[in-house]
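Trainee: Hey, could we go through this one together? I'd like to learn how to read it bit by bit.

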Amino acid sequence: MDQAPAVGDRVSTFARLVLAPNAGPMTLDGTNSYVLRAPGSDGVVVVDPGPSAPGHLATLAAAGRVELVLVTHHHPDHTEALGAFHAMTDAPVRAIDAAFCVAGAPLVDGARIRAAGLEIDVIATPGHTADSVCFSLPGDRLVGAHDGDGDGAHGSVLTGDTILGRGTTIIADPDGALGPYLDSLESLRALGTPGPVGVLPGHGPVLPDLAAICRAYLAHRAERLDQVRAALHELGADAGTGAVTDLVYADTDASVRSAAEASVRAQLAYLRSVG
Ligand SMILES: [Zn+2]
């Protein structure tokens, strides 16, 4: 079957990763854009076209007939190019937040999307942002692909910035919130439990086991919350974000200080909401 030349690195049976040229303290190596297609499909789905970088967009557009663009969340490193990419491909753009949809309907939790020969399940995972969403791809078994092709029998999940390939994600209060984020991690952990389910993150390398990384993230969050509780004990219950950040994120680089403060704000909001 005729297909456009493959672009990016094959990271699973159905997914190729095209790294955007926007490396930085908040984006790690850059934004991971993904091109999804079932074997034999001439259409593709592009997830997170990313920043307005003409060469990057040209690469994505050359991957095949773009049927659909999906958005994991509204941050500009994932969405800046949505208008330009829609103009190039005419493909509808769908996100949880209607403000980021172009010629497409908003995504709904639990919906199943059929495109590029795939069935893609929508899993709302608020926390990093209120509009964060993950996309679950079926396991090899469903399409008779070969063992060892990457998605494994249990499939894989595109996690946006809910789970990163390296380090941990930021809960950006007030758009993001820790309570929903912990719930989202629990649902992803449950989804990954029959696993191993592959993780295709918005930044950093792909990971082999969704349940394992969710457990690690939950443990990290519990540890940070303990540190914030200890800081409040030391500084007083009304301590401000800056003072708590100084104690808990003392080892944090200045380039991500404002992100650390946002994260502390989210933790304080969470602790104060649960008493
Ligand atoms: Zn991002």
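Mentor: Helices (H or I, at least four residues) and strands (E, at least two) are DSSP runs, numbered from the N terminus. Keep in mind that this is a predicted model: local features need pLDDT of at least 70, side-chain atom pairs count only at pLDDT 80 or more, and totals for chains, interfaces and linings use all residues. Residues are numbered from 1 along each chain as its sequence is written.

Trainee: Okay, which residues of helix 3 are buried?

Mentor: Leu 82, Phe 85 and Thr 89 are the buried residues of helix 3. They cover an arc of only 70° around the axis, so they sit on the same side of helix 3. The arc is that of the directions from the helix axis to the C-beta atoms.

Trainee: And what covers the buried residues of helix 3?

Mentor: The cover includes helix 1, strand 5, helix 2 (76–79) and strand 6.

Trainee: Is Asp 90 buried or exposed?

Mentor: Asp 90 counts as exposed because it has 11 C-beta neighbours inside 10 Å. Now look at Asp 48, another residue other than glycine with a positive phi, near 55°. Asp 48 is in the loop between strand 4 (43–47) and helix 1 (54–61). Asp 48 is buried, with 28 other C-beta atoms within 10 Å.

Trainee: Let's do helix 1 then. Which of its residues are buried?

Mentor: His 56, Leu 57 and Leu 60. These residues are on the same side of helix 1, because they cover an arc of only 95° around the axis. On the other side of helix 1, Pro 54, Gly 55 and Ala 58 are exposed. The cover over the buried residues of helix 1 includes strand 2 (15–19), strand 3 (32–36), strand 4 and helix 3.

Trainee: Switching to the strands: in what order do they form the sheet?

Mentor: Six strands form an open sheet in the order 1-2-3-4-5-6, and the pairing is mixed. Strand 1 (9–10) and strand 6 are the edge strands, each pairing on one side only. Two strands pair if DSSP finds at least two bridges between them.

Trainee: How many bridges join strand 2 to strand 3?

Mentor: Five, and the two strands run antiparallel. One example is Leu 19, whose bridge partner in strand 3 is Asn 32. Strand 3 also pairs with strand 4 in the antiparallel sense, over three bridges. There, Tyr 34 has Val 47 in strand 4 as its bridge partner. The hairpin of strand 3 and strand 4 has six residues between the strands, and Gly 40 in that hairpin takes a positive phi near 90°.

Trainee: How many residues of strand 3 are buried?

Mentor: Five of its five. Both faces are covered, with Asn 32, Tyr 34 and Leu 36 on one side and Ser 33 and Val 35 on the other. In a regular strand the side chains alternate between the two faces of the sheet.

Trainee: Which residues touch the most other members in the largest nonpolar core?

Mentor: Leu 36, Val 45, Val 69 and Val 157, out of 61 residues in that core. A nonpolar core is a set of buried Ala, Val, Leu, Ile, Met, Phe, Trp, Tyr and Cys residues joined through C-beta atoms within 7 Å. Helix 4 (residues 178–192) gives the most to this core, with five residues. Apart from it lies another core of seven residues, among them Val 228, Val 248, Val 264 and Leu 268.

Trainee: Last one: at what angle do the axes of helix 5 and helix 7 cross?

Mentor: The axes of helix 5 (residues 210–235) and helix 7 (residues 257–274) cross at roughly 80° and come within 10 Å. That makes helix 5 roughly perpendicular to helix 7. Angles under 35 degrees count as roughly parallel, over 145 as roughly antiparallel, 65 to 115 as roughly perpendicular and the rest as oblique. Axes are lines fitted to C-alpha atoms, for helices over the stretch in contact, and angles run from 0 to 180 degrees between N-to-C directions. Two residues are in contact if their C-beta atoms, placed from the backbone, lie within 7 Å.

How values were computed:
A residue is buried if 20 or more other C-beta atoms lie within 10 Å of its own, exposed if 12 or fewer, and partly exposed in between; C-beta atoms are placed from the backbone.
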